[in-house]
Amino acid sequence: MSLSRRLAPWWLLTPYIAITALFFVVPLLDAIGISFYQTNGARSRVWVGLDNFTFVLGDPDFHKALINTAVFTLGSLFIQLPLSLGLALLLHNGTGRAVRAVRLIIFSPHLVGQVFVGILFSVLFMPRFGLINQGLQNLIGWGLEQRWLGDPALVMPALILTSLWMYVGFNMIYFLAALQGVDKGLVEAARHDGAGPWQVFRHVVLPAIQPVTVFVVLTSTIGSFQLFELPFTLLRGNGPDNAGLTVVGYLYQTAFTAGDLGTGAAVGWILAFIIFLVGLVQIRLVGRGGGA
Amino acid sequence: MTSLQACLLAAVGVGVLLALGGPRGRRWSGLYARYALLGLAAGLTLTPFAWLLCAAIKSPEALLQTPFLPALADWPRDLTLANFATLFKPQPGYPPFWRYLLNSLFLASVGTLLQVVLCSAAGWALAKYRFRGRGALMAFMLGSMAIPGMVLLAPLYQLTYRLGWLDTWLPLLIPGAVSAFVVFLFRQASQGVPDELIEAARIDGAGELRIWLHIGMPLVRPMTGAFCLIVFLGQWNAFLGPQVFISRQELLTLPVALNTYMGVYSQQYGVFLAGTLLAIIPPAILFLALQREFVSGLTSGAVKG
Amino acid sequence: MPSPLNRFPWGVAPAALLLVALLSGAVLLATTAAAGPRPDLVFALFSKEHKQAYEPLIAAFASEHHVTIEVQHSDMRALASRLQSSFLAGAEVPDVVEVSEPWMGYFTKGPLNDLGFADLTDRIRDEGIDQQIPAGRFAMWSTRGRIFAVPHDVHPVALVYRRDLCEQLGIYPATLTTWDEMTRVGRRISVDTDGDGVIDRYLLDLPAEGDFGLRTLLLQRGGNLFDEHGQPCFDDELAVEVCVWYAQATRGAGRIAFPAGWGQPLAKAMSDGLALFYLAPDWRTRQFELDVPHLAGKLGLIPLPAWQPGGRRTSTWGGTGIALTRACRDPQLAWALIHRLYLQTDGMGGRFADSNILPPFKPAWTLPEIRAPRPFWNGLALGSFYAALAPDVPAYWVTPYTELANGKLNEAFSAIAAAQERGEGDLAGTARRELKRCADYVRAAIARNHFLEPSP
């Protein structure tokens, strides 16, 4: 079988386009339409115009969800990614079995699904009996009765800690891969010119790994904004005082728990818009900052 | 000294051992610190696994008695394989446990294969051909990643129903057979294939399909391995989709089936955790098999932005 | 490279996955019986225990009526979301469903003539079923005056306590008849016994976030989330009183309750005697028998202490009912099945012995299994104990906004509890303000619903 060069890309793209059209675009259009209605069941449907959007934008619960999600996102960007990069730098030049083993170990939590991690950590975080509580009590004399998943002030730290365990290693691999692409000659030359480790890192390594940094920042942001399954299983709900309510959790609550599909769709659109906007800003910021 | 303090000391010890086994001839200043840090990170990462392993073999009464393993004298009483036995014990009206394992294995491997084949084709087309609409397609693809999947769940359910696919595996396999993210990764990886090779093949009379399969894909292989793992993990651990689309017990996947041990009237943590341990094994095997390709593979997907 | 796997264009890993797919697919094909024709009735439920208890009865029923019946068990949340999606899409649904109290509300949101479940009110009234079941129990399954399910249970709430430890500490539970007395004892015994700054013994197990504990006590007090017209009422003075007491009991210095949680942590707290008293609806006593078998004979049961002398000594927590979907293909047959499972004493005794769940069907309360003394409970006739409380069980009105209201009650409580932890005065003022704010939120949500016509 041979394909003409002109048509070949379209043949290759056909499965992607067909499946995306049917299972992404069609439901997407449906979801756009439904966001202007209030529905109940297959038959009852009332046009409400922009009411779903104005309700969501004015809803204090949505504001809370947005703040929580933003905090979580900032946590993953400013705690998780530096840790990932730091570990990658520590591992980078190492060779030998031990270093490879450490690399595997640090990545390994990513093998465990969010559902499992959620329930596993819900036990680790238990007041008095949880490993984390007992560990903290042993080490620093604090924390035995802290209700990580029950105290509004501790829910977000608990979520961030859990996601650190899951994702630090995953992003580390990206950085590790990027570091291997850094031109060793450039590093040596900079050293030769008397640059200290920090300066080498700042002016040689960081610019060199910038494309990967953009990529990791973007994917982490998208992932963080779409956080759902982890709080869903870790907290078995939204947590006390909605402290673990995320935007997608709010979407789930309105669309499925409360059965208001129209409002749920409106939440989805608002979220997509925010992710889009944040993504654009990040590409400009990180793109420029790293290149300077 | 408590067992926890012992655990942390052990982590530091691992770091020291690593230092001894580490590379020689470099500057030694800071090397110990570096390996101690790495050892600490590895120790902290492993702690939940260690806990999980211990929890899975403890009796329910012993689960929270000690952080890890009970005192040696209590082993005969407190250590048991009962949690695993409960998982595999036949229950009237329910399929045997291995059935869920097999279902998950089948769904995850077929789902991964579909994604790898279809997305590599799309990625190759986007990387190696110039055609009208390519820019628009790329923009659409990247934009589609911003849409949370949850918005589509209800319309997708309706569509699945109209197609007569409810209570089958099709809604788990087909809509998930392509992913913008994986297409994007394959596009980035395919860009690394030199154009001269392709031109040379064309001159030799190779067809476009042949060029994709026998010149493009072999060169992209290291990345394919890495993407395979990422896709497999997503499919293997999928929860929401199987929970919503499947109600026939014998079609359920492992995570959904295990979740029923955290039931309404009773929560069998030990059994659930034993199941979690089993659920980690297949992706771990895949990961260990692919680890060589893994690091190098991921870069090319991300580097050339 | 000799490996044939290597000839696969995408490399060894995908080729290996292909092998796995083929192998597992072959085994699955070989072991899967083709899905037969759709059974005459599909019965969906969310509890493994129920499925196992019903299966013999259903088998007998099916052969009596010459029909086929399939019982589908799913996780509770999975069943709820699937049912909901099916109703929304107009897709095929089971004929008979066991529904759980919190999510009945989701399904009663629309106009009465467009709900996914069938209206059972006339059947229930015409057959006098409302006389055979404690009257308040239908509240949970009603919307706008119509009933959509037959109750499976009453779930009266009592307190389980560690008899041995109470005796050692000089506590006589039978004499603790009000929450005031209970609190006084609590203050005395909830102390740090070894001086490490951590309290070592508590009077009670209550969730510190409010949750089921707060709701159960609110219902006992005579409060509710909604009144019988479906309007939020959890900002009344009863709610203020219960919230203030609950905040003082669970938070800050002088607290008397510990959140023992669920499953093994709860079992451990009981075994260790970390808390002496535990909320115990009938269904939870079975869980105790399974989770702390070594405490056999060491546990006692008392009715809840009253809020005021002579007040109500019980409450309710949880509930299951059975409903017919509107799309049910054979309502007569399905109704006969409901009768067989829920409205005939035959089999109920055995189910009680297995589950400790008191059936709401009053004629069953004299069955020997229900009156039998139970060794684990020190010879107490468990069924009769709960049956004596059952008539006093408060009505719990469930509406489409119950889930929301539960969340909002917890939200208000969280603010009250924070004020208590900071040691602020005028807790009642805070409670009034927060409860009002949260109830108003629910009122606004109800006002947005275009489909919910007012109660007739």
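This is a predicted model: local features need pLDDT of at least 70, side-chain atom pairs count only at pLDDT 80 or more; totals for chains, interfaces and linings use all residues.

Q: Which residue stands opposite V97(C), and in what sense does β1(C) run relative to β3(C)?

A: The residue opposite V97(C) of β3(C) is A44(C). Strands β1(C) and β3(C) run parallel and are joined by two bridges. Strand β1 (residues 41-45) of chain C also pairs with β2(C), in the parallel sense, over five bridges. There, L45(C) has H73(C) in β2(C) as its bridge partner.

Q: In what order do the strands of the open sheet lie?

A: The open sheet has five strands in the order β2-β1-β3-β12-β6 (chain C), and the pairing is mixed. At its edges stand β2 (69-73) and β6 (150-151) of chain C; each has a single partner strand, so one side of each lacks a neighbour in the sheet.

Q: How should I read the side chains of a strand such as β3(C), and which of its residues point one way and which the other?

A: The general idea is that side chains in a regular strand alternate between the two faces of the sheet. In β3(C), V96(C), E98(C) and S100(C) point one way, V97(C) and V99(C) point the other way, and all are buried. Because five of the five residues of strand β3 (residues 96-100) of chain C are buried, the strand is largely enclosed by the rest of the structure.

Q: How is a helix read, and which residues of α18(C) are buried?

A: The general idea is that an α-helix has 3.6 residues a turn, so residues three or four places apart point the same way. Helix α18 (residues 427-448) of chain C has 22 residues, and the distance from its first C-alpha to its last is 32 Å, close to the 32 Å expected at 1.5 Å a residue. Its buried residues include A431(C), L435(C), C438(C) and V442(C). The buried residues of α18(C) pack against α10 (237-250) and α17 of chain C.

Q: With which residues is C243(C) in contact, beyond its neighbours in sequence?

A: With neighbours within four places set aside, C243(C) is in contact with F413(C), I416(C), A431(C) and L435(C). Two of these contacts, A431(C) and L435(C), are among the buried residues of α18(C).

Q: What should I look for in a nonpolar core, and which residues touch the most other members of the largest one?

A: In soluble globular proteins, nonpolar side chains tend to be buried together. The largest nonpolar core in this model has 316 residues, and those that touch the most other members are F175(A), A122(B), V183(B), V96(C), C243(C) and A275(C). Helix α5 (residues 97-128) of chain B gives the most to this core, with 19 residues.

Q: How is the fold of chain B summarised, and how many helices and strands does it have?

A: Chain B has 14 helices and zero strands. Of its 305 residues, 51% are buried. Among its contacts between residues at least 6 apart in sequence, 75% join residues at least 24 apart.

Q: How many residues of chain B are in contact with chain A, and which helix supplies the largest share?

A: In this interface, 74 residues of chain B are in contact with 77 residues of chain A. The largest share of the side of chain B comes from α14(B), with 17 residues. By class, that side has 56 nonpolar, 15 polar and three charged residues.

Q: How many residues of chain C are in contact with chain A?

A: Here 28 residues of chain C are in contact with 25 residues of chain A. The largest share of the side of chain C, six residues, comes from α17(C). That side divides into 11 nonpolar, 10 polar and seven charged residues.

Q: What confidence scores accompany the model?

A: The model scores ipTM 0.88 and pTM 0.89. Chain C averages a pLDDT of 91, with 98% of its residues scoring at least 70. For chain A the mean pLDDT is 88, and 96% of its residues reach 70 or more. Within chain A, confidence is lowest in helix α13 (residues 261-291), at a mean of 83, and highest in helix α2 (residues 51-58), at 95.

Conventions:
Residues are numbered from 1 along each chain as its sequence is written. Chains are lettered from A and ligands numbered from 1 in the order in which they are written. Helices (H or I, at least four residues) and strands (E, at least two) are DSSP runs, numbered from the N terminus. A residue is buried if 20 or more other C-beta atoms lie within 10 Å of its own, exposed if 12 or fewer, and partly exposed in between; C-beta atoms are placed from the backbone. Two residues are in contact if their C-beta atoms, placed from the backbone, lie within 7 Å. Ala, Val, Leu, Ile, Met, Phe, Trp, Tyr, Cys and Pro count as nonpolar, Asp, Glu, Lys and Arg as charged, and the others, Gly among them, as polar. pLDDT is the predictor's confidence in each residue, from 0 to 100. A nonpolar core is a set of buried Ala, Val, Leu, Ile, Met, Phe, Trp, Tyr and Cys residues joined through C-beta atoms within 7 Å. The expected span of a helix is 1.5 Å times one less than its number of residues. Two strands pair if DSSP finds at least two bridges between them.
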